[in-house]
Amino acid sequence: MENLVQIAMQNVNFDAILPSLVLCSFGMVLLLMNAFMPRGKSTPAAWFSLVAIVVTGFVSLAAWNKPEFGFAGGVALDNYATFFNIIFLVAAGLTILMSDDYLKREGYPVGEFYTLILFATAGSMWMASGTNLMMIFLGLEVLSVALYVLAGFFRGQTKSNEAGLKYFLLGCFSTGFLLYGIALLYGVTGTIDLARMGEFISANPGAITNPMAVAGLMLLSTGFLFKIAAAPFHMWTPDTYQGAPTPITAFMSAGPKAAAFAGFIRILILGLGGMKAEWTSLLWIIAVLTMVVGNVIAIYQTDIKRTLAYSSIAHAGYALVGIVAANEIGVSGILFYMLAYTFMNLGAFAVLVLVGKKGEENLTLDGFAGFGYKRPWLAIAMVIFLFSLMGIPPTAGFAGKFYIFAGAVKAGYIWLAVIGVLNSAVSLYYYLRIMVAMYFKAPTEEFEWIKMSAPVVASIVIAVVGVLYMGILPGGVIAMAKNALF
Amino acid sequence: MQNLLSWMTFFPLVGLAILLFMPGAKENALKVWTLVVTIITFMISLPLAFDDVFKTSAAMHYTEFSKWISIGDFFQMNYNVGVDGISLWLVMLTTFIMPIAVLSTWQAVDKNVKGFMAMLLLLETAMLGAFVSIDLFLFYIFWELMLIPMYFLIGIWGGKNRIYAAVKFFLYTAVGSLLMLVAIIYVYYYGVKTGIATDGFSIVEFYKLGIPGNLQTWLFLAFAFSFAIKVPMFPLHTWLPDAHTEAPTAGSVILAAVLLKMGTYGYVRFAIPLFPEAMQTFTPLLATLAVIGIIYGALVAMMQDDVKKLVAYSSVSHLGFVMLGVFAMNLQGMAGGMLQMINHGISTGALFLIVGFLYERRHTREINEFGGLAKKMPIFATIFMIMTFSSIGLPGTNGFVGEFLAILGAFESELRWYAVVATTGVIFAAVYMLWMYQRVMFGECNNPKNADLKDLSAREITLMVPLLVFVFWIGVYPNTFFDKMNPALENLIKQVKSQQVAIVMPASTGEYTLGNPRLTHPGMPPQGHQ
């Protein structure tokens with residue numbers, strides 16, 4: 001490993017990291033900008049970061065079908081990475097749109113908020129394009145450190161502090177596991193490069209049964225499963241999601257989760273493809289557990305943010321079904337699903353941002369009572385997001401679930417698909433309950449309405465368009481997802 | 001008209017788009033607009049009813065086809081619609097009943113009229129889409145889409161327990177259909193694996209699959225469960241009385257007239273022809289459940305104090321006859337069952353309207369609250385009487401033809417003893433309906449609240465007249481309807497029977513031949529597609 005730096009320097013190809021490079025440059029400029037901006041003015045920073053996202057988006061899309069490799073095979077900006085980059089940028093963009101008014105309302109109009117989102121997104125990009133374990137780990141760390149700060153961003157609020165601290169402490173642990181796993185796998189295969197690791201395992205089938213390799217696989221999986229909030233590593237999720245600023249909760253449930261999936265899939269299929277039997281049997285159980293835990297506990301929640309936190313756990317479980325299927329349809333299904341989930345979940349959270357008042361006291365079922373009549377259009381948007389989360393056609397959520405479960409059926413995991421749809425059935429209940437409150441119940445109290453701010457409404461409109469487009473005419477995105485396999 | 005089915009299916013959606021931008025305060029304008037949209041939809045569908053092609057051909061007509069979604073090289077979903085003799089009258093029933101349902105809301109709905117009308121229009125598109133889909137995936141989309149508007153119709157505009165009823169309705173139906181989704185994926189997967197289904201989820205292709213017996217069992221169970229909930233068959237019927245009782249009148253009418261038919265239609269179109277061998281295995285069980293439903297529904301209906309609940313339970317009983325006729329798997333039974341679907345739509349739809357009239361006048365549905373209304377409301381009494389007879393199945397009305405044929409068909413099949421038991425249900429039906437009619441309409445008008453009840457208004461008569469016409473039309477000359485459904489039904493029965501025999505044969509040698517020769521033998525009418 002001592003030659004790593006040397007090797008890397010010999011194969012510099014900045015095109016391969018161009019999107020994240022652009023994003024980081026914007027982030028650094030923004031960092032400087034914030035230093036000179038008067039305190040309490042965060043709107044310019046929001047618009048600046050939005051420009052950064054859009055520019056990076058164009059740079060990323062330019063790389064579609066023009067793969068670039070560099071840094072001694074450590075980075076691959078292939079279609080797979082680009083597809084995920086788009087997901088991260090959509091997530092970050094929608095988050096930024098819904099954040100500005102929220103930060104002002106909660107009394108933290110601080111520009112650094114946006115810098116951290118940009119850096120977190122850059123970290124996500126490295127995870128998606130990393131093709132060796134160090135690179136992926138590096139991305140994960142950049143992402144995580146930014147998220148720890150963001151989760152605890154409202155330093156005056158106990159809930160937010162708790163969220164940040166919990167996430168940080170447990171996150172450190174899981175990072176330790178991950179590193180340990182990487183070390184063990186390196187010990188067995190003698191390489192951290194995923195492609196060469198894959199070659200080594202197929203050339204030496206004995207390595208599969210090596211306890212060190214199995215232990216490495218399990219530890220590495222633990223690290224990633226923590227990040228995607230799979231049961232039983234989900235304990236941090238509800239508290240962190242509930243305590244963190246709402247836009248950050250939305251961001252965490254979509255972007256970074258997709259990043260963890262991106263890295264995890266690349267490692268499992270490219271590096272550890274030879275151990276498929278081991279990790280599918282492991283993830284089969286995890287997927288079932290995650291779906292069941294997420295959905296069943298969500299039923300008992302009365303706080304809508306917390307409900308969505310558990311629903312997010314359940315959705316990670318559905319996506320894991322795609323990994324277990326481990327075929328073309330299953331994996332491209334995950335790509336599709338991640339984008340669909342980004343739209344529907346961020347949309348739902350954007351509605352929460354508008355509905356919640358200072359301190360977010362009314363994000364309970366009672367707080368939503370009669371909502372459907374007070375803000376009919378907003379409520380219709382929320383209904384669309386909820387039906388999408390349920391997986392009812394013709395929404396993106398249905399197309400995504402169908403895609404993933406179809407992959408599972410094709411790979412022969414019929415029972416996994418059956419368990420998956422039964423879990424969807426359970427989930428209907430708690431999503432319906434939100435709609436029951438919105439439409440079927442009279443408001444319990446008059447609550448003061450925050451005004452509909454244009455950026456948040458824009459984020460909701462984008463999300464609605466995304467959900468319906470991917471639900472009714474999913475062909476285009478499906479073709480892209482299929483092309484994005486490495 | 002080019003693309004007639006698409007126009008018909010999506011015209012309500014076009015109307016909905018315009019409706020959304022109409023001012024919500026002008027309630028009458030919203031109602032009139034919705035009525036106009038549903039009437040135009042009916043006009044669009046009218047050429048189907050007058051097309052004689054269905055008299056001679058069992059194939060799908062008015063087909064439209066375009067590619068829709070492809071996942072990889074593996075999954076191909078198409079927009080594939082068509083009508084044959086089986087779906088023809090159900091489509092007509094839907095477009096026919098919608099304007100009546102809209103007209104029934106004139107005085108009943110005053111809360112959030114725009115939302116109500118929007119839901120009705122969305123529901124119409126979903127129902128029509130489900131009936132004309134000949135792509136299983138497309139069918140599933142419309143099938144699920146139906147839940148959403150009905151959920152809101154019950155939940156927002158329903159009675160006291162509307163939330164419970166709405167959630168129960170949604171959960172029951174959705175759980176069933178989710179399992180069907182897995183089965184649908186698997187059927188497709190099987191079709192592609194064996195290379196037989198090459199045209200997406202087209203059911204015409206799926207009919208040829210010849211899935212091995214053991215597999216059929218599981219797939220059939222998933223489909224049958226989903227449809228049994230929708231029918232609803234005993235013991236999965238418990239959502240129905242709740243949903244019916246709580247739903248607003250228009251919701252009940254549509255639920256009874258069309259939505260329940262989705263379940264029976266699902267059996268005829270999908271569950272039976274796709275899995276004929278499993279159907280053979282499960283016929284005794286399903287027929288038993290159908291008979292239990294007939295008797296149980298009738299007995300429970302007898303004990304109800306609430307007129308609407310009584311009609312709701314009578315639905316459970318009536319749908320039992322439909323299922324029994326369908327399971328008989330001969331032409332009489334099938335045709336009787338199919339006709340009974342239409343009959344039930346007309347007569348039970350009408351009964352729910354009648355209950356709605358009472359409720360609008362008195363805001364109660366308790367039988368005890370009424371009595372002696374016949375003197376106060378003579379026109380109402382007459383119409384109510386005719387619809388009661390139709391529901392009982394008095395000769396000369398539509399109910400008689402359907403029920404008689406369904407029972408006759410069952411009697412001539414191996415379900416003979418089931419038919420004998422089921423016949424008692426007809427007697428029970430006479431008991432609970434006539435008893436209810438007697439308590440509500442005859443006797444002394446003792447309750448002072450009933451003293452100045454007004455007879456039916458012109459609007460109310462207008463919406464009952466078309467239903468009355470069909471009560472007698474079907475009752476006296478049902479051949480108008482049989483002529484057009486028989487070829488498709490005959491073809492279906494032949495196809496199912498041939499597979500039921502065909503699969504038993506190779507099973508004894510332990511291997512299944514995929515290119516089943518019996519499916520393409522020259523005696524078979526051509527499979528209609530395009």
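In chain B, 80% of the contacts between residues at least 6 apart in sequence join residues at least 24 apart. Keep in mind that this is a predicted model. Below is a quick tour of the two chains, where they touch, and some spots worth a look on screen.

**Chain B overall**

- Chain B is built with 21 helices and two strands.
- Its radius of gyration is 23 Å, close to the 24 Å that the globule rule gives for 530 residues, so chain B is as compact as a globular protein of that length.
- Of the 530 residues in chain B, 60% are buried.

**Chain A overall**

- Chain A has 21 helices and two strands.
- The radius of gyration of chain A comes out at 21 Å, close to the 23 Å from the globule rule for 486 residues, so this chain is as compact as a globular protein of that length.
- Taken along the principal axes, the C-alpha atoms of chain A fill a box of roughly 70 × 55 × 40 Å.
- Buried residues account for 63% of the 486 residues in chain A.

**Where the chains touch**

- Chain B puts 28 residues into the contact, and chain A puts in 28 residues.
- On the chain B side, the elements giving two or more residues are strand S1 (61-71), helix H6 (136-145), helix H7 (147-157) and helix H8 (162-194).
- H8(B) supplies the largest share of that side, with 15 residues.
- Sorted by class, the side of chain B that touches chain A has 23 nonpolar, three polar and two charged residues.

**A helix pair in chain A**

- Helix H17 (residues 376-390) and helix H19 (residues 414-440) of chain A pack at an angle of about 170 degrees, with their axes 9 Å apart.
- An angle over 145 degrees counts as roughly antiparallel, and H17(A) and H19(A) are therefore roughly antiparallel to each other.
- From H17(A), the residues in the contact are A:Ala379, A:Met382, A:Val383, A:Leu386, A:Leu389 and A:Met390.
- They meet A:Ser424, A:Ser427, A:Leu428, A:Tyr431, A:Ile434, A:Met435 and A:Met438 in H19(A).
- By class, the residues of this contact between H17(A) and H19(A) are eleven nonpolar, two polar and no charged.
- As background, an α-helix has 3.6 residues a turn, so residues three or four places apart point the same way.

**Two covered helices in chain B**

- Helix H4 (residues 85-103) of chain B has 19 residues and reaches 29 Å from its first C-alpha to its last, close to the 27 Å expected at 1.5 Å a residue.
- H4(B) is mostly covered, with 19 of its 19 residues buried.
- Helix H5 (residues 113-132) of chain B has 20 residues and reaches 29 Å between its first and last C-alpha, close to the expected 28 Å.
- H5(B) is mostly covered too, with 19 of its 20 residues buried.

**Zooming in on B:Leu286**

- B:Leu286 sits in helix H13 (residues 276-302) of chain B.
- It has 20 C-beta neighbours inside 10 Å, so B:Leu286 counts as buried; the cut-off for that is 20 or more.
- Leaving out residues up to four places away in sequence, B:Leu286 touches B:Met323 and B:Phe327.
- B:Leu286 and B:Phe327 are 41 residues apart in sequence, with 8.0 Å from C-alpha to C-alpha.

- A cis peptide bond joins A:Ala231 and A:Pro232, with omega about 0 degrees.
- A:Pro232 lies in the loop between helix H10 (211-227) and helix H11 (236-243) of chain A.
- In chain B, a cis peptide bond joins B:Phe234 and B:Pro235, again with omega about 0 degrees.
- B:Pro235 is in the loop between helix H10 (213-230) and helix H11 (239-246) of chain B.
- A:Ala229, in the loop between H10 and H11 of chain A, has a positive phi of about 60 degrees although it is not a glycine.
- A:Ala229 is buried, with 29 other C-beta atoms within 10 Å.
- A:Asn65 is not a glycine either, and its phi is positive, near 65 degrees.
- You'll find A:Asn65 in the loop between helix H3 (43-62) and strand S1 (68-70) of chain A.
- With 9 C-beta neighbours inside 10 Å, A:Asn65 counts as exposed.

Definitions and conventions. Residues are numbered from 1 along each chain as its sequence is written. Chains are lettered from A and ligands numbered from 1 in the order in which they are written. This is a predicted model: local features need pLDDT of at least 70, side-chain atom pairs count only at pLDDT 80 or more; totals for chains, interfaces and linings use all residues. Helices (H or I, at least four residues) and strands (E, at least two) are DSSP runs, numbered from the N terminus. The radius of gyration is taken over C-alpha atoms; the globule rule is 2.2 Å times the number of residues to the power 0.38. A residue is buried if 20 or more other C-beta atoms lie within 10 Å of its own, exposed if 12 or fewer, and partly exposed in between; C-beta atoms are placed from the backbone. Two residues are in contact if their C-beta atoms, placed from the backbone, lie within 7 Å. Axes are lines fitted to C-alpha atoms, for helices over the stretch in contact, and angles run from 0 to 180 degrees between N-to-C directions. Angles under 35 degrees count as roughly parallel, over 145 as roughly antiparallel, 65 to 115 as roughly perpendicular and the rest as oblique. Ala, Val, Leu, Ile, Met, Phe, Trp, Tyr, Cys and Pro count as nonpolar, Asp, Glu, Lys and Arg as charged, and the others, Gly among them, as polar. The expected span of a helix is 1.5 Å times one less than its number of residues.
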